[in-house]
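Let us walk through this model step by step. Keep the sequence and the structure side by side as you read.

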Amino acid sequence: MSQMKKRKMGNFGEIMRRLKKNRLAMFGLTIVVLLFITALFADFIAPYSYAKQHLSDAFQAPNSKYILGTDEFGRDIFSRIVYGSRISLQVGFIAVGLAVVVGGFLGAVSGFYGGKIDNLIMRAMDILLSIPQILLAIAIAASLGPGLFNLMIAVGISSIPSYARIVRSAVLSIRNQEFVEAAKAMGSSDFRIIMKHILPNSMAPIIVQATLGVAFAILTAAGLSFIGLGIQPPMPEWGAMLSGGRGYIRDYPYMTLFPGLAIMITILALNFLGDGLRDALDPKLKR
Amino acid sequence: MTEKKDFLLDIQNLTVHYETDSGVVHAVEGLNLQLGHGESLGFVGETGAGKTTTALAIMQLIPNPPGKILNGNIIFDGQNLNTLNEEEKRHIRGGKIAMIFQDPMTSLNPVIPVGEQIAEMIELHQNVTKDEAFKKAVQMLELVGIRPERAKDFPHQFSGGMRQRVVIAIALACDPTLLIADEPTTALDVTIQAQVLELMKELKKEFNTSMIMITHDLGVVAEICDKVAIMYAGSVVEYADTRVLYTNPLHPYTNGLFNSIPDLDEDEEELKVIQGLMPDPTNLPSGCTFHPRCPLAQPECSQKKPEMIEIEPGHFVACPVCCNAFVKKG
Amino acid sequence: MNGSREKLIEVNHLKKYFPTKKGMLHAVDDVSFFVYEGETLGLVGESGCGKSTLGRVMIRLLDATDGEVIYRGENILKYNKRQMKDLRKDVQIVFQDPYSSLNPRLSVSELIAEPLIVNNVYNGSKAERDARIRTLMDTVGLAQRLVHAYPHELDGGRRQRIGIARSLALDPDFIVLDEPVSALDVCIQAQILNLLNTLKKEKGFTYIFIAHNLSVVKHVSDRIAVMYLGKIVELSDYRTVFADPLHPYTQALLSAIPIPKVDQQRDRIILEGDVPSPIEPPEGCRFAGRCRYRKDICSQKTPELREIEKGHFIACHFARNLSM
């Protein structure tokens, strides 16, 4: 059993080895891991609750008591950013998760069966794609109403078409490989062929797109919150924090600076990681 | 070796390595090879033997990184190719030494008409105008059996065999002294292969080009080559005139190759196979690289890398064991 | 070569056409023949002749356009899904490309286990299944230590052995071998050919061996069918095809083979031109355009495949009367 584990690690290990060579990607990976830890242990890391107001300490620049300063309600910005990481990660991964599952399913069915089904599904995707993704997200969020959950749905739905496309093209290229014919020749059902043979071999482009997709989802969420859709106060979503600090940007720039930096570093890290993964997974595909 | 003859190509002790993530690939190890003027040499071996690497080394096209010519001399027409600068090398490529690659589908540029591709070769090496180059290109097309009207057609409009003819036309456009053909007919159907081989034989006679034909097909070698060199895991193991090698193959690997081919004339129940596989080029066996699979292996074989022994005039074998056996017999 | 042998498969007027933008592609064009139980029928031809398509249509990996394939007395082209699933146990295929015919994400044992799992063999017992996998690996000469290896770690020869083991898992009677050694080096090729031969002797398989390398086909086949542009042009036992080829294409094909001997270089029949397109082929003999013996009737009437002497079939208007 352990030998089998070692073998499965063999594949994964090679990818990690290639990834390690890419410094930027490793930097990205480190940041993402840090982000996860921050989100998980927010209760231990953040010195204050994110909603607790200390009105007498409002508008304080970074000091020893409040590491990144306080906002107009005297809330500790550092704590809010720490708790905000939870929200960003939730939005990112759940929205992308939704898009991958639904989009992936549509793309797999489309690519595998071709013909009318393919046409139908892809034209529906085209309709969605003709609307700029962020506008689509805005429209859905606006119609669903405020709230974190609706935000995730909005971002998720607007991302479905790109995953459908990616999975479809991966399925098309693998569908004609001889090992798929071999599966047919031994009597495999279509379902088994898609789930066991085609999809696992299409993971690479999905992983790359998903990594970059999480970045986009976080950015979109921040954007939506910025214009007032999605998150409701006092949730410490980074985009909402940006929006909240907008009015005070002249005198108290740190209120927008730190959430902005948090967004920027996170997106950058995810992009580096996604690029690195693409390169690390690619040579394996070429084999 | 033998007395210093006037060779066109003299490869001395060539060693080429590739540095990869999984280790150093010893592609070519201490290779020695000579080719006379007007001769055609069949360079035979299986995948991974190092034949293409040798060809690329002659053309000075080893990708660096990760490849490197570590050692050895490649003397072509009196010059050591390893010591030339980039400008001089470019002058030789296409002009004096031309190469044909295996896959006719990918060796032609799909967006340029074939006539122009031939003309490009001519313009690069000869001091002529565009028109003159194109005229010569059309002549070359006719020479390889393609109608001149097709000079403006694109590669995808030709079949595999015809594309290979175009590739041959490009290679011969500047009348090179040496033509290296890397498995030129492997990707072709057998009747088309016959056509292309006939063409190559005629052109060989007409131009008196020396040729190195890389192939794994012993039948093709018998048809078109004067001499044969058998390559295994980075070095030549046997070398002789075609007639000599085919009537009296000595090296156990050479014999293994011949035994692996089903005989068209006789019925054989079982083919006499060589056990095992070609060794991992990052981890070659000590001494003679063939010893783990060799039916004649002796203890010394794993200790010392065998030298090429001239067992009879012009017939070289890198195997002391079979040479002793041969001498005892004769 | 007696008539008391059982016919395992009879193919009648089988057609497979593909619609393309330029017209109908006649990949397999009205092919009829039979395969005896326990024999190896070699199917040779150059690219585009339809041999691979024929192999796949025969086992319904592709659906036929028309015709019948009678296996053990029943037309399998009319089988429903359940019957087909049953048939899959008896009828298997080994593919040409050892690189693309194995799922790169599955280990050797998982690959060989697939047919067993899909067909619910040893359903309860993983131990029995594992034992069977190990036996199969032994049978095809794969070392036991490779049981958890992945295809990309192995060379072409070993991968092809996996493919063969996989095809044996369900104990089939009939195996289509689609160019099983074409992608392999000569020495490995010989090893695999010996293996296929041994297996056949031990288990009594019926093989259809598709290849373009004539010396390999001669080595393995009892009878050989030569295909050109979707039709069978000659069919006979292997000795006759090589000693007495009657069809001009067979003659040209045989003379084109480069022989690895120095004293047997002979005058070749060099065919002119290229293989014509299988899309909307013209009436008449498909080979007429390149045949040195062609007469007027050749481009007007398509010759039938007829038994010209015992066991020797040929599709040519002038079978024994070729003249320039």
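Two strands count as paired if DSSP finds at least two bridges between them. Helices (H or I, at least four residues) and strands (E, at least two) are DSSP runs, numbered from the N terminus. This is a predicted model, in which local features need pLDDT of at least 70, side-chain atom pairs count only at pLDDT 80 or more, and totals for chains, interfaces and linings use all residues. Residues are numbered from 1 along each chain as its sequence is written, while chains are lettered from A and ligands numbered from 1 in the order in which they are written.

Start in chain C. Strand β4(C), residues 66–71, pairs with β5(C) in the antiparallel sense, over two bridges. Tyr71(C) has Glu74(C) of β5(C) as its bridge partner. Both strands belong to an open sheet of four strands, in the order β2-β1-β4-β5 of chain C, with antiparallel pairing. Its edge strands are β2(C), residues 23–36, and β5(C), residues 74–75; each pairs on one side only. Strands of a sheet pair through backbone hydrogen bonds, either parallel or antiparallel.

Contact means that the C-beta atoms of two residues, placed from the backbone, lie within 7 Å.

Now turn to chain A and its helix α8(A), residues 178–185. Six of its eight residues are buried, meaning that 20 or more other C-beta atoms, placed from the backbone, lie within 10 Å of the residue's own. Among them are Phe179(A) and Val180(A). The buried residues pack against α7(A) (148–175) and α9(A) (190–198), together with β6(C) (91–94) and α3(C) (108–118). Just after α8(A), Gly187(A) takes a positive phi of about 95°.

Where do the chains meet? The contact takes 20 residues from chain A and 22 residues from chain C. On the chain A side, α8(A) gives the largest share, seven residues.

How far can chain A be trusted? Its pLDDT, the predictor's confidence in each residue from 0 to 100, averages 85. Confidence is highest in α5(A) (115–129), at 93, and lowest in α1(A) (2–20), at a mean of 59. Over residues 1–10 of chain A, pLDDT stays under 50. Where pLDDT is low, the predicted coordinates should not be read in detail.

Methods: Buried ≥ 20, exposed ≤ 12 C-beta atoms within 10 Å, placed from the backbone.
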